[in-house]
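Open the model in your viewer and keep the selection tool at hand. Each stop says what to select next and what is there.

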Amino acid sequence: MNRTVRCLALFAMGVGAWACKGDPQSSLDRGTTQAVVSDPQTIFVANGATVEVLVEARDNLNQATEITSVSAAAGAGVAAVRDFQYQPVFDANATTEEACNGIEHSEWTGAGCLVPRPNPTRIRYEVSGTAAGVSSLNVTLNGVSLDIPVTVTPLTVPITTSAAPAALGGASIVTITTDPATYAFDVNVPVHVDPDYGSFTGGNPLGYLNVGFAADGSNVQVVPAPGASGTMNIHGVLFLPVAGLSLTLPTATNVDGPASTFSGNCSSGTPQALAGPGPASGATDGYYDGWRCGTGFQYFTFVAGASGDHTITFEWDSDADMDMVISEYPVISTLCTAFTLSNPESCTATLTAGSTYRIRWDYYDGIEPTVGYTTITAP
């Protein structure tokens with residue numbers, strides 16, 4: 001056998017051996033749906049609103065595959081409708097509107113008929129929120145399913161307010177309650193109501209003072225400043241189905257503050273008691289007052305509702321230099337003082353639950369305040 005014949009024979013053997021091995025990628029099921037993917041991967045939609053989500057079928061090489069069967073199931077609080085007019089194709093045979101309307105999921109444009117794309121690789125759903133909460137949308141393409149997480153966020157927080165505010169330090173305390181199963185007031189946010197109660201010296205108007213929370217965050221208490229009125233806007237509401245999601249949502253709740261008739265006691269005699277006990281553990285109470293002492297001291301007493309270090313803060317509506325002293329009562333023993341040039345003044349005292357304590361406001365100089373407030377925060 002000459003050299004040429006031998007070379008041809010070897011080549012033929014090599015080709016035959018290669019042919020026997022077959023396609024090395026045939027085991028990867030190319031073209032067979034192995035996974036479903038979505039964009040976005042997690043859906044957030046406001047209650048009553050609609051967003052779009054795209055879903056695709058993919059093979060083991062992450063290549064798009066034709067979709068031949070489709071089904072979808074929306075969870076509680078979610079509605080989903082497939083958009084058959086996503087990436088449609090033109091049907092040249094449906095030349096009239098009547099003919100176009102006879103084709104399922106078609107749309108007549110006035111000059112032609114658009115019909116759903118046959119065996120698409122990607123489809124689109126319109127997802128709507130019908131009730132606030134955490135849910136899902138399950139989409140199955142070619143027998144392969146995907147659960148897409150859906151969070152329906154509320155547009156408003158349902159709240160109720162106490163019908164008959166209780167007297168508290170000369171103003172009135174209003175309790176705002178929400179649904180504890182779905183919402184909670186964030187106890188780490190100090191002010192939840194607009195107009196925000198800000199520094200008097202900063203020029204902000206008197207608004208609503210946040211004075212405390214329920215232990216489970218289901219309600220918050222506010223005190224309208226004497227004579228204040230307006231619509232309250234709730235801040236710092238946590239949406240419990242989504243950990244850490246905080247909302248700032250308007251309400252239609254109007255609160256009118258009565259004129260203050262509370263004025264403490266302007267002598268060294270028996271101080272006037274603040275209404276009710278002091279705050280319970282983990283809570284804050286606030287007390288408004290109209291200043292009527294006329295270059296003197298003003299005294300209040302309160303009964304501690306918890307044991308431990310309490311922070312007492314006093315703020316007022318002028319540029320006066322005011323001081324504060326916290327003492328035991330009736331045997332006067334000073335526990336803490338605040339003699340700075342700051343507004344507010346604040347100090348911390350260790351108190352015992354059930355014991356009585358005295359707060360002294362001390363006017364030093366400047367324009368006397370017309371109103372001020374004290375907050376007491378329990379450990």
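## Stop 1: T178

Begin with the side chain of T178: one of its polar atoms lies 3.0 Å from the backbone oxygen of P158. This is a predicted model, so read the distance as a property of the prediction. T178 is found in strand β14, which covers residues 171–178.

Now show what surrounds T178. Leaving aside residues up to four places away in sequence, T178 touches V157, P158, I159, Y183, F185 and S218. Is T178 buried or exposed? T178 is buried, because its relative accessible area is 5%, and the cut-off for buried is under 20%.

## Stop 2: the whole chain

Zoom out and colour by secondary structure. The chain has two helices and 29 strands. Switch to colouring by accessibility: of the 379 residues, 42% count as buried. Take the contacts between residues at least 6 apart in sequence; 70% of them join residues at least 24 apart.

## Stop 3: E56 and its two partners

Select E56, R58 and R122. Which residues pair with E56 here? R58 forms a salt bridge with E56, with the closest N and O atoms 2.8 Å apart. The side chain of E56 also meets that of R122 in a salt bridge, at 2.5 Å from N to O. This second pair links distant parts of the chain: E56 sits in strand β3 (residues 50–58), R122 sits in strand β9, and 66 residues separate them.

Side chains of opposite charge can pair when their charged atoms come close.

Check the accessibility of each of these residues in turn:

- E56 is buried, at a relative accessible area of 10%.
- R58 is buried too, at 19%, because the cut-off is under 20%.
- R122 counts as partly exposed, at 31% relative accessibility.

## Stop 4: other salt bridges

How many salt bridges does a search of the whole structure find? The search finds five. For another pair, select D362 and R360. Their side chains meet in a salt bridge at 3.6 Å, N to O. Both D362 and R360 are buried. Next, select E52, D83 and R124. Salt bridges that share partners join these residues into one network.

## Stop 5: the cavity

Keep R122, R124 and D83 selected; they are among the residues that line the largest cavity. The largest cavity has a volume of about 70 Å³.

Colour the lining by class. The lining has five nonpolar, one polar and five charged residues. Which element gives the largest share of the lining? Strand β9, residues 122–129, gives that share, with three residues.

## Stop 6: T284

Finish at T284. T284 lies in strand β22, which runs over residues 284–290. T284 is buried, since its relative accessible area of 19% falls under the 20% cut-off. Last, select T311 and draw a C-alpha to C-alpha distance from T284. The two are 9.3 Å apart in space and 27 residues apart in sequence.

Technical notes. Residues numbered from 1 in each chain as written. Predicted model: local features only at pLDDT ≥ 70, side-chain atom pairs only at ≥ 80, totals over all residues. Heavy atoms only, no water. Helix = DSSP H or I, 4+ residues; strand = E, 2+ residues; numbered from the N terminus. Buried < 20%, exposed > 50% of the residue type's maximum accessible area, 1.4 Å probe, protein only. 1 Å grid on protein atoms, 1.4 Å probe; cavity = no way out; pocket = protein on both sides within 12 Å on 5 of 7 lines; lining within 4 Å. Points joined across faces, edges and corners; volume = space filled by probe spheres on them. Nonpolar A, V, L, I, M, F, W, Y, C, P; charged D, E, K, R; others polar. Polar contact = N/O pair within 3.5 Å; in protein donor to acceptor, adjacent residues only side chain to side chain. Contact = heavy atoms within 4.5 Å. Salt bridge = Lys/Arg side-chain N within 4 Å of Asp/Glu carboxyl O.
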